[in-house]
Amino acid sequence: MDVATILNLIDAGEYGLPKFQRGYVWSRHQVRRFMSSLYHRNPVGSLLIWVPHEATDVRKGSKSPAGNIKLIVDGQQRLTTLYGIVRGEAPPFFIGNAGSFRDLYFHLDAEKGEEFEFYGPVRMKNNPRWVSVTEVLQKGSGRFFEERIAAGLLLPADIANLNRLDRVLEKEFHAETITGRGLDEVVNIFNEVNSGGTKLSSADLAMAKVSVLRSSARKEMEVCLQKWRNSGYDFSFNWLLRGITIQVFGDARYSALEKVDAESFGEGLRQFSNHIDDLLLQIRANLGLDNSSVLRSEFALLVLARYLKLNGGLRQGEAEIARLLFWYIHCVLWGRYSVSVEGRLNQDLAVLQDSGAWEGQISGLIESLRSERGTLTLTSQDFYGSWRNNRFYPLLYLLTRVGRARDLMKNIPLSMNLIGNPLELHHIFPKRHLYDLGRNRRDVNTLANFAFLTSESNRSIGWSLPRDYLAECEELNPGVLASQWIPDDPRLWELENYDEFLSARRELLAAAANAMLDSLGKGHQPQPGSFVARPAESVRSVRAAHISSDEEERELEECQEWMERNSLPRGKSAHELVDESNSEPLAVLDLAWPDGVQEGLGQPVALLIDEDDGTRNAAQQYGFRYFTTLAEFKHFVEQTALAE
């Protein structure tokens with residue numbers, strides 16, 4: 001089947017390019033190489049086409065003889081590129097950067113090795129040797145040649161290269177067709193025949209099937225994701241797809257979508273969107289977690305959304321909300337879904353299904369967590385972690401917002417309703433002075449040295465030492481140190497007593513957190529200022545999560561942004577490896593993709609920058625392929641997930 005025929009069939013609705021989660025990811029370099037291969041008549045691979053067997057797979061308007069649209073599951077990058085170049089516009093299903101294939105030009109002196117380049121005015125403006133590939137393919141080489149030679153812009157010998165370019169549309173693609181197979185089988189077949197290229201996950205194929213049933217599904221989902229982004233919450237496409245699956249079927253496996261129909265999917269999306277809106281409202285209002293950097297444990301929201309469906313929403317008042325939030329916070333703190341996401345989701349969904357009324361459901365979820373951990377009481381050791389990606393960082397933020405901590409300089413509550421003066425992270429002992437003493441970055445950036453202030457106050461304090469500014473703050477605003485759980489003993493404000501200060505503050509933070517969690521666990525919203533101390537349990541040995549430098553944090557964020565630009569999932573920050581025999585944490589990975597860089601495919605992957613042997617050994621023990629530099633990680637992703 002040649003290129004022209006395939007593109008016509010796509011326009012006619014007989015062949016579809018499924019709206020995969022990854023979308024279009026090719027770079028301009030890949031587009032140029034692909035077009036050069038076509039121009040030289042080199043092999044460019046075959047196509048894999050899937051014809052879903054159920055009657056419900058028919059898409060309205062399909063003109064195929066069997067009534068079923070044919071999905072091109074292998075070759076979407078190639079055919080999307082061809083469609084965009086030949087038609088001069090992105091196909092209707094397109095998601096990605098259309099600039100990757102727009103304005104491609106061909107050099108008529110092809111033998112000079114400059115065959116295909118994207119338009120650049122310095123080199124190409126007023127240079128008739130560069131011609132638009134789209135214009136040649138749309139007009140045909142004969143008509144294009146006649147117009148240009150009549151205007152004196154071409155030479156008679158140019159017709160040979162133009163004809164050769166035009167014959168790109170005659171390129172034959174061999175197509176293998178899969179019929180009568182289910183979603184999981186198609187995933188396995190595709191990944192076996194395409195082991196060296198871009199793999200598809202079960203989520204990709206599930207979305208392809210849904211898109212056939214409901215052509216507006218992808219757009220509807222993107223609208224929901226954008227709505228949440230506008231509110232500060234950045235969720236992934238696969239997370240939303242799994243949430244809809246759970247909403248409709250009570251099952252976390254994508255394969256459950258084999259049984260979905262267009263109406264059920266649309267209703268599931270609507271319900272899930274409304275339930276998440278309600279949950280985010282409660283979390284923002286009652287916990288102060290108002291953005292993705294502190295929300296964490298997004299998979300717990302999927303279980304809570306299912307709870308709302310089973311119970312018709314939140315109907316029982318304060319006790320219901322408080323205990324649900326109690327469970328959610330502990331999911332964040334203990335990395336409930338840091339391993340075996342699908343299995344643990346289904347485990348919690350089964351608790352909801354089998355526990356009767358709402359009280360039993362919530363108690364069942366809490367007891368499931370408690371049985372795995374042995375205790376849900378915090379200790380001062382839990383605040384030994386460093387940097388913002390630590391799992392207890394959201395708890396410090398939560399305590400600040402809910403506990404009505406006061407700004408050290410302005411004495412105003414740092415509540416959820418501050419307008420125009422966002423909170424900033426403040427080092428109580430300034431970094432500069434600690435580094436001058438030879439302290440390492442892990443010690444400097446430990447959680448117990450963090451407090452939140454308004455940006456104006458943070459700048460006002462600057463590099464002042466605690467002994468110089470804490471006394472002044474307390475004198476002007478009595479009780480302000482206690483509101484931030486800062487020890488009021490002046491002896492601990494001296495640089496040489498930094499370790500004692502950290503130890504004392506960790507005790508205060510643990511006591512405040514336990515008081516707040518106790519209140520929620522008993523079904524009461526905690527009252528500001530009521531976070532009183534109670535004895536902590538025996539100390540557990542925990543390997544601290546850390547990012548050892550500002551440079552490392554920037555490098556990790558660069559990695560996250562690079563993955564997003566390539567339509568791949570962001571890594572899980574501070575991913576915890578847990579000893580499954582006793583639920584104790586073993587190590588924390590800077591960035592991790594526990595299900596592979598494409599969900600459900602390949603081995604777990606991690607980026608570990610400046611980590612010790614213990615962390616690297618733990619990652620290896622748990623089957624992670626880890627990289628110690630961003631460059632190595634990018635090379636791996638380019639050779640696997642971004643390969644065609």
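Helices α18 and α24 are roughly perpendicular to each other (the class for angles of 65 to 115 degrees). The model is predicted: local features need pLDDT of at least 70 and side-chain atom pairs pLDDT 80 or more, while totals for chains, interfaces and linings use all residues. Residues are numbered from 1 along each chain as its sequence is written, and side-chain values use heavy atoms, without hydrogens and water.

**Helix pair α18 and α24**
- The axes of α18 (residues 393–402) and α24 (residues 498–521) come within 11 Å and cross at roughly 70 degrees; axes are lines fitted to C-alpha atoms over the stretch in contact, with angles from 0 to 180 degrees between N-to-C directions.
- Leu395, Leu396, Leu398 and Leu399 of α18 meet Arg505, Leu509, Ala512, Ala513 and Met516 of α24 (contact: heavy atoms within 4.5 Å).

**Sheet**
- Three strands form an open sheet in the order β5-β4-β6, with antiparallel pairing; pairing requires at least two DSSP bridges, and helices (H or I, at least four residues) and strands (E, at least two) are DSSP runs numbered from the N terminus.
- The edge strands, β5 (116–118) and β6 (130–132), each pair on one side only.
- β4 (residues 104–107) pairs with β5 over three bridges, and Phe106 stands opposite Phe116 in β5.
- Helix α2 (residues 28–39) lies across β4 and β5, at about 150 degrees to β5.

**Helix α7**
- In α7 (residues 158–166), the buried residues are Asp158, Asn161, Leu162, Leu165 and Asp166 (buried: under 20% relative accessible area, 1.4 Å probe, protein chains only).
- The buried residues of α7 pack against α2, β4, β5, β6, α5 (133–139) and α6 (141–150).

Technical notes. Buried means under 20% relative accessible area, exposed over 50%, partly exposed in between (1.4 Å probe, protein chains only). Angles under 35 degrees count as roughly parallel, over 145 as roughly antiparallel, 65 to 115 as roughly perpendicular and the rest as oblique.
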